[in-house]
Amino acid sequence: MSEAALSIKSVDKIYEGRGKGPVHAVKNLDMDVQRGEIVALLGSSGCGKTSTLRMIAGFEEVTRGDIVLEGRRVNQMPPARRKVAMAFEGYSLYPPLTVRDNIAFALKSARMSPKDAQRSVAEVAQILEIEPILDRYPSSISGGEQQRASLARALVRQADLYLLDEPMGQLEPRLRAVLRGRLKSLLVDRRMTAIFVTHDQTEANALADRVAVMEGGVLQQFASQKDLRERPANLFVATFVGEPPMNVFESKVVNGDRVRFAIDGGPTFDFAASDIPLSVRAAIGRREKVVIGVRPHAVRLGVGSEDARIVSNQWLGDQSHLAMEVAGKLMVAVSHAPIPAEVGERLKFGVHASDLHVFDVGTSAALSHGLEAA
Amino acid sequence: MAIEIRSVSKEFKSGKVLERISLSAEDGEIVAIFGPSGSGKTVLLRLVAGVEQPDEGRILLGGRDVTDQAPEARGVGMAFQNFALFPHMSAFDNVASALTAHKVPRDIIRAKVEKIAALLKIEHVLGHAPRELSNGQKQRTALARALVAEPKILLLDDPLRNVDAKLRYEMRLELPSLLKASGSTVLYVTQDYKEAMALGDRIAVLSDRDFAQIARPAEIYQRPATINVASLFGDPTINLMPVEPLSSSIGPKITIGGTALSLPSSYGRMAGKPCVLGLRAENIIVEDTASPESVPVEVVAVTPLNERTLLLLHTNDGREILASEAGTNEAPRRHGAAFARFDPETVLLFDPASGRRIVPQAA
């Protein structure tokens, strides 16, 4: 018996262009969301994440495939009957109603007693810090307040699934950091199932149990943020996720008595074959070229067989970002402490076999992550 | 060439924008002008360029008073940049446009454009139109145009504002050395504190019509002049909470979550006076076990943030505190009861009335 709150089965979305050709916004999407899970749809604009959310909500038709909510196929079901609550990026509050009445609106139609409705509204208003504006009208509050009101209106409802479109985009940083924490604790405490769309990986990582990375209408990887970081499925994910993202270099590979990665026009990382597990060596196989990757936090500075010129060394208060020129590109290293090195100097660096990622140069799919085959 | 802004004021119909502000930049220095939108940063650049006139005060370039001179008469190479390109010109012509106006011979133009293009790694796209360039190449082309005329003074108005996050990050790493190589004195306007810290030799924080602080990035981060400056730098924003130090036999103490915490004795004079305590998230240590002077807290939420882990803490006296730990290893960190402590030396105290930081004094 599946616990899936939502199954998206081989879904395509094709918009018939007005004047232009059709746009294939979502391609053969398969995804299950478990009950109580918080999922982020992450990608840049046009990646298909918002189309996906709107198909789940019922505001867009599915071109092909099925959407199954709590075991019911809902392709033809109108939004209001799907038992989903959605917070829109464009807020869409009812202008003639106060913020309080906007939030309580759906509770009244759900026949909740006025007393219970008031309590629910007060509770969510406190969490989202909108108590002072409950009796104001949407036109008289700021964009950030409208966004929180819209979020509150979705969160007070009883629904099988909560859909949030860029829920924190308009908020200033301090409030965003605090509200992320509170929103997560609310969703977890009540075991709410939620899917939210964001282009901000910080937000995705902060809130979601699993993150669905989308690009070009295709789901690139659907995994925990830890897995996205440590086991990116392909080069797109590797260079999209991470702040800053993974350093990647095309490299020749010799897979023999020693395993040697020679970056084109740059340094060579040379390992004893015994340092690289057989499974990884098998995954690399007889390839002559691969793409190797190393996370900025995994670059070892001051040690190793290679050196490079420092292009910048920037202390940002709680971390240092150091860039070196490697094979005509920047290789970035990040440290939580200041790095005692000057721009223009050469600095030694190295990479442990356990921190090395290897990708296929043609398909860009991951072959290995550290000491494990992908 | 040195820039000196002396007690300059500027008012528009909508009100005073700058009030008796002063700033000097040494020859070859990069000064980041940082502040929220609408704080007058662009106006300041326009005053230096000469496209706006100050109501009062003087502007000196290379020691020469140019306040009453038109932009072209200021006698210095100056580039005022917003990184827009002419769409109908090739990248080469865009870069060269900075020189053609100065009647430079064509072979010299070509040599100069090629040299700067090599430095900025755009040699291979010089023949392309802007629409054929990637965003990164567009930025570099625009920067090349700014640098090719070897301006003694370079005024950059939030040049990375409309750039996607990835390229913005790359440019943040590369720009300082490119600007240093040009030898120009640079005023660099930005709204992004990380950009200001990464790029500026010094940062001038503009707020409420005046500079709240002008100092090196580390100084601003560690010893912000005001609550406002403290809040503008740091992600997450610094924790601020009202406290009232009390004197004790071993020095001043504050109470948070029922625990009396020692402050450095250099704050002894603040006993009995209301203060605002500023505590950076990364200076708070959260542990499972109690230690002397640790505050019992509840970990309400654990959220990753840029290879760090952010902890939302509640104290039993109703305070909400953000702590951040290096690393993203979530497994050992659970919700629920924990203890928070901090190094008293990392504490900042502010005067609630003026907002100014209270400078510790030897007892």
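Which elements of chain A and of chain B do the buried residues of helix 5 of chain A pack against? Point 5 gives the reply.

1. **Basis.** This is a predicted model, in which local features need pLDDT of at least 70, side-chain atom pairs count only at pLDDT 80 or more, and totals for chains, interfaces and linings use all residues. Residues are numbered from 1 along each chain as its sequence is written, and chains are lettered from A and ligands numbered from 1 in the order in which they are written.

2. **The two chains.** Chain A has 9 helices and 21 strands. Chain B has 8 helices and 21 strands. Both kinds of element are DSSP runs, numbered from the N terminus: helices are H or I with at least four residues, strands are E with at least two. Along the principal axes, the C-alpha atoms of chain A fill a box of roughly 75 × 45 × 45 Å. For chain B the box is roughly 75 × 50 × 35 Å. Of the 374 residues of chain A, 44% are buried. In chain B, 44% of the 363 residues are buried. A residue is buried if 20 or more other C-beta atoms lie within 10 Å of its own, exposed if 12 or fewer, and partly exposed in between, with C-beta atoms placed from the backbone.

3. **Contacts along the sequence.** Two residues are in contact if their C-beta atoms, placed from the backbone, lie within 7 Å. Take the contacts in chain A between residues at least 6 apart in sequence: 64% join residues at least 24 apart. In chain B, residues 24 or more positions apart account for 65% of the contacts with a separation of 6 or more.

4. **Domains.** Domain bounds come from an automatic or database domain assignment. Chain A is assigned domain 1 (4-231) and domain 2 (240-373). Their C-alpha centres are 38 Å apart. Across this boundary, 7 residues of domain 1 of chain A are in contact with 5 residues of domain 2 of chain A. On the domain 1 side, helix 6 (201-207) and helix 7 (225-230) of chain A are the elements that give two or more residues. Helix 7 of chain A gives the most, with 3 residues. That side divides into 2 nonpolar, 2 polar and 3 charged residues. Chain B is assigned domain 1 (3-226) and domain 2 (239-350). The C-alpha centres of these two domains of chain B lie 40 Å apart.

5. **Helix 5 of chain A.** Helix 5 (residues 173-189) of chain A has 17 residues and reaches 24 Å from its first C-alpha to its last, close to the 24 Å expected at 1.5 Å a residue. The expected span is 1.5 Å times one less than the number of residues. Its buried residues include A:R176, A:R180 and A:K184, along with A:V178 and A:L187. Within chain A, the buried residues of helix 5 pack against strand 3 (38-42), strand 8 (194-198) and helix 6. From chain B, strand 17, strand 18 and strand 19 also pack against them. Just after helix 5 of chain A, A:R191 takes a positive phi of about 50°.

6. **The interface from chain B.** Here 31 residues of chain B are in contact with 30 residues of chain A. Elements of chain B that give two or more residues to this side include helix 5 (165-182), strand 17 (295-305), strand 18 (308-315) and strand 19 (320-326). Helix 5 of chain B gives the most, with 6 residues. By class, the side has 18 nonpolar, 6 polar and 7 charged residues. Ala, Val, Leu, Ile, Met, Phe, Trp, Tyr, Cys and Pro count as nonpolar, Asp, Glu, Lys and Arg as charged, and the others, Gly among them, as polar.

7. **A sheet in chain A.** An open sheet of 4 strands in chain A has the order 2-1-4-5, with antiparallel pairing. Strand 2 and strand 5 (72-73) of chain A stand at the edges with a single partner strand each, so one side of each has no neighbour in the sheet. Strands pair if DSSP finds at least two bridges between them. Strand 1 (residues 4-15) and strand 2 (residues 23-34) of chain A are joined by 8 bridges. A:A4 has A:Q34 as its bridge partner in strand 2 of chain A, and A:I14 stands opposite A:H24. Strand 1 also pairs with strand 4 (residues 64-69) of chain A, over 5 bridges. There, A:I8 has A:I67 as its bridge partner.

8. **A buried loop proline.** B:P159 lies in the loop between strand 7 (153-157) and helix 5 of chain B. B:P159 counts as buried because it has 22 C-beta neighbours inside 10 Å.
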